[in-house]
Amino acid sequence: MPKTATTAHNEKETTSTINIDAKPVEKSRVDEVDLDNPGFGEVFSDHMLSVQYKDGSWQQPEIKPYGTFEISPAMCSLHYGQAVFEGLKAFKNQDGSIKIFRPEQHHKRFNRSCQRLCIPEMSKEVFMEGLKQLIELDQQWVPQKQGNALYIRPFVFATDNYLSVKASSSYQFFIITSPVGAYYEEGIDPVSLITSDKYARSVPGGVGHVKTPGNYAASLLPAKKAKQKGFTQVLWLDANERRYIEEVGTMNIFFLIDDVLVTPPLKGAILDGITRRSVIQLARDWGITVNERPITIDEVFEKAEAGHLREVFGTGTAAVISPVGKIQHKWQSITINDHKIGPFAQKLYDTITGIQDGRGKDRFNWMTTAVE
Ligand SMILES: *Cc1c(COP(=O)(O)O)cnc(C)c1O
């Protein structure tokens, strides 16, 4: 046993020293940005990580100034959407260190998405080292203000230039980063949701469980219609029967029914959220029963009417926890916890954001240090 452990340790050390060429900017743009109020995904840090795939392998990674690049109008991902992305965050702690929330999990999910889209996988070493070196170089871009963070967007797209439908032989991978504000400037405001009997987000066997751009393009029209009716988001039901609850907008969903936390199971049509995983782990650690099981919209309404539905909330990297105050289904609607955030959602929000910005103890080793 000790022998294997030593070998594994050595391997980790040798493979993690990858060489990344960096061409730093001559002058940083960070002074032009209000890091206390950066918006969400509107401004981008000085540098980006770029890796090209050609001749059957990923080439040397480089860090270069953030900027535009030229493409051919025939570039196949523009036409057929062979592309994948991720979204994660880095935080500045009180002691000045910078930490990333669960990057290995995001890397694993990135590769699972790539497999589904016939895109060559990215090595853990390049993903992790690239991320750390990029953030180290752009460390002044990580906001200090509590609740703000550096949003990290790794993505990959097919770059062959042709109009036949087939997997590309070349790809471009980037990581860009963007300082972002807290999703809720003045406390957490519950969202209102409406189901759709016309549209579905994804089908079993499709690509609903992976982060590929087409899913989000397809959600724009239903989301627009929900907004026109005065709702924040669509509450997605399953494609076959329009009975089982799947997700909310681009978040996973949880129901606190009496003392049990219920969330739909990952069955191929639902995104395997890292925040979802974190909430399940925390709740179980607190001694709460968590059921990953199918739940119908009718059951939610019945539980609400019988007084058993205590809280409903969405989970995702951007908002962390997003309480649901109202759900409309067909001609009926329910109001949850007086349209206010409940104590359980608040405790989850405080605990997760506390772990992220260092106010709380990182008991599960969720944080990876980018800058000491
Ligand atoms: C990204 C995403 C989520 C949330 O995943 P996190 O890893 O928690 O950010 C949930 N649903 C969809 C459709 C998503 O794209």
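Student: Which residues does I135 touch, not counting residues up to four places away in sequence?

Tutor: I135 touches A90, I98, I100, V142, L150, I152, A370 and V371, where a contact means heavy atoms within 4.5 Å. Keep in mind that this is a predicted model, in which local features need pLDDT of at least 70 and side-chain atom pairs count only at pLDDT 80 or more, while totals for chains, interfaces and linings use all residues. Residues are numbered from 1 along each chain as its sequence is written, and side-chain values use heavy atoms, with hydrogens and water left out.

Student: What makes I135 and F173 stand out in the largest nonpolar core?

Tutor: Of the 38 residues in that core, I135 and F173 touch the most other members. The elements that give two or more residues to this core are β2 (47–54), β6 (88–92), β7 (98–101), α3 (103–116), α4 (124–137), β8 (149–158), β9 (171–180) and β19 (367–371), and α4 gives the most, with six residues. Apart from this core lies another, of 26 residues, among them A283, I355, F364 and M367. The term nonpolar core stands for a set of buried Ala, Val, Leu, Ile, Met, Phe, Trp, Tyr and Cys residues joined through side-chain atoms within 4.5 Å.

Student: How many helices and strands does the protein have, and why is it called as compact as a globular protein of its length?

Tutor: The secondary structure comes to eight helices and 19 strands, taken as DSSP runs numbered from the N terminus (helices: H or I, at least four residues; strands: E, at least two). The radius of gyration of the protein is 21 Å, close to the 21 Å that the globule rule gives for 372 residues, so the protein is as compact as a globular protein of that length. The radius is taken over C-alpha atoms, and the rule is 2.2 Å times the number of residues to the power 0.38. Along its principal axes the C-alpha trace spans about 60 × 55 × 55 Å.

Student: Why is V320 called buried, and why is K330 called exposed?

Tutor: The class follows from the relative accessible area, computed with a 1.4 Å probe and protein chains only: buried means under 20%, exposed over 50%, and partly exposed in between. V320, in strand β17 (residues 320–329), has 6% relative accessibility and therefore counts as buried. K330, in the loop between β17 and β18 (332–335), has a relative accessible area of 54% and is therefore exposed. Each has a positive phi in a residue other than glycine, near 70° for V320 and near 55° for K330. For the whole protein, buried residues make up 50% of the 372 residues.

Student: What share of the contacts in the protein between residues at least 6 apart in sequence joins residues at least 24 apart?

Tutor: The share is 72%. F364, in the loop between α8 (343–357) and β19, is in contact with Q281, L282 and D285, leaving aside its neighbours within four places in sequence. The C-alpha atoms of F364 and S278, 86 residues apart along the chain, are separated by 9.4 Å.
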